[in-house]
Amino acid sequence: EMSTAGKGLTMSAEQEIPKAAATAEAEAPAATASEQEKPAADPVVTPWEVEGDVDYEKLVKRFGSQYIRPEQIERMERLTGKKAHPWLRRGVFFSQRDFDKILDCYENKKPFYIYTGRGPSSDSLHLGHLVPFFFTKYLQDAFDVPLVIQVTDDEKFLWKDMKQEDCYKFARENIKDIIACGFDPEKTFIFSDFEYIGHMYKNICRIQKAVTYSQARGIFGFCDSDNIGKHGFPAIQAAPALPTSFPHIFGENKKPYCLIPCAIDQDPYFRMTRDVAPKLGYHKPALLHSKFFPALQGLNTKMSASSSSSAIYVTDTANQIKKKINKYAFSGGRVSAEEQREFGANVDVDVSYIYLSFFLDDDAKLKEIHDDYASGKLLTGEVKAYLVSILQDIVKKHQEARAKVTEEVVDQYMAVRPMPFKQPTPPGLKSEEKQEE
């Protein structure tokens, strides 16, 4: 499971904070200094569990990835002719493996494709689930290449107490939300493992044969009480990183590179894949890692599918969004308006500001809110009200797009079909060539 400049993410600077919102209702009980300074337990980060206060610097060192560099972002902008996504500029996507090689491919018109995925554990997604898809939509628009999206209904069956029929039903419902992000139907193939696995099975077996049990246990921490399906599953998530897993798109061509945008907890799967790929005659997949989208209750709490108050769901009404943000969004503000005016907010732990850093596109407006909130010029209620208006707009647009996704549209995206696979000339190169002429 791998949990964009998609529709509804662009906000204009004209949207002012509703002043009337600085009311007692929105002045939620704020974090006290003692609450903010409680020592946290060591964080847990695995592909199936993320808990605690994550230190991303330690994670990068532990996983052996590299930070995304400013010059890589600048080069991407120059080559694609598109402004970098806010999540690249702000470090939401912050870590990478071999991203330079993808930019080399694009510049030299060599083939590559994008691969991401989703584990369908329920029929409703929250905003955190959409983060990789919004970003993947930006990548597809910027690079204009094929995209494959794996929906791991088999993984959910193996790990959760769920019936196969429900896993597949949730997969199709989740796919409707994924399609609503606006992916190009001509260049996007979405597949359920239960349905498509036969096409990938030769590659799955090749990967399984190349990884020993002790390696898998070392990477994933499997134990003797885990069912044998779990032990074999990593090869299924690795297989889409090999282009020949999609013969209807790439034939038997082993040359195309693969770019995987995902949350950093999924990295163990692809460390394994990168180890195996060259032994089988393929390029190592490149990765772009995102930070985690926090639960409403704060940075070191976990969004729970069983607790609807921990997240904003794409099915929420405008009123539910407002109530959840006002009631549950952890505040870095002070206990009273007077103290807030005097001391300002701890913006680093304030969930409303963190959500704005994800969903407010306007860099200047975000900085203004940051500075005014930290200095005490803005109250928690005002920041929350501004966030509410943005989230209501995003969710409304998503719901409108999803309402148009019929079962027939799902079938269209899931159809095993040839795709146009011609590497485009980068717009940045076209303009440079013209200047040379």
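Reader: What covers the buried residues of helix 19?

Author: The cover includes helix 8, strand 7 (188-192) and helix 9 (193-210), where contact means heavy atoms within 4.5 Å. This is a predicted model, in which local features need pLDDT of at least 70 and side-chain atom pairs count only at pLDDT 80 or more, whereas totals for chains, interfaces and linings use all residues. Residues are numbered from 1 along each chain as its sequence is written, and side-chain values use heavy atoms, with hydrogens and water left out. Helices (H or I, at least four residues) and strands (E, at least two) are DSSP runs, numbered from the N terminus.

Reader: Which residues of helix 19 are buried, and what puts them on the same side of the helix?

Author: In helix 19 (residues 407-414) the buried residues are Val410, Tyr413 and Met414, buried meaning under 20% relative accessible area, exposed over 50% and partly exposed in between (1.4 Å probe, protein chains only). They cover an arc of only 95 degrees around the axis, and therefore lie on the same side of helix 19; the arc is that of the directions from the helix axis to the C-beta atoms.

Reader: Why is strand 8 called largely enclosed?

Author: Seven of the seven residues of strand 8 (residues 257-263) are buried, so the rest of the structure largely encloses this strand. Tyr257, Leu259, Pro261 and Ala263 are buried on one side, and Cys258, Ile260 and Cys262 are buried on the other, which leaves both faces covered. In general, side chains in a regular strand alternate between the two faces of the sheet.

Reader: Which strands pair with strand 8, and in what sense?

Author: Strand 5 (residues 112-118) pairs with strand 8 in the parallel sense over three bridges, and strand 9 (residues 286-290) pairs with strand 8 in the parallel sense over five bridges; two strands pair if DSSP finds at least two bridges between them. Isoleucine 114 stands opposite leucine 259 in strand 8, while alanine 263 stands opposite serine 290 in strand 9.

Reader: What makes strand 3 and strand 7 edge strands?

Author: The open sheet has seven strands in the order 3-4-9-8-5-6-7, with mixed pairing. Strand 3 (66-67) and strand 7 each have a single partner strand, so one side of each is left without a neighbour in the sheet.

Reader: Why is the contact between aspartate 98 and arginine 274 called a salt bridge?

Author: The term requires a side-chain nitrogen of Lys or Arg within 4 Å of a carboxyl oxygen of Asp or Glu, and the side chains of aspartate 98 and arginine 274 meet at 3.0 Å, N to O. The pair links distant parts of the chain, with aspartate 98 in the loop between strand 4 (93-97) and helix 5 (99-107) and arginine 274 in helix 13, 176 residues apart. At 12% relative accessibility arginine 274 counts as buried, whereas aspartate 98, at 21%, counts as partly exposed.
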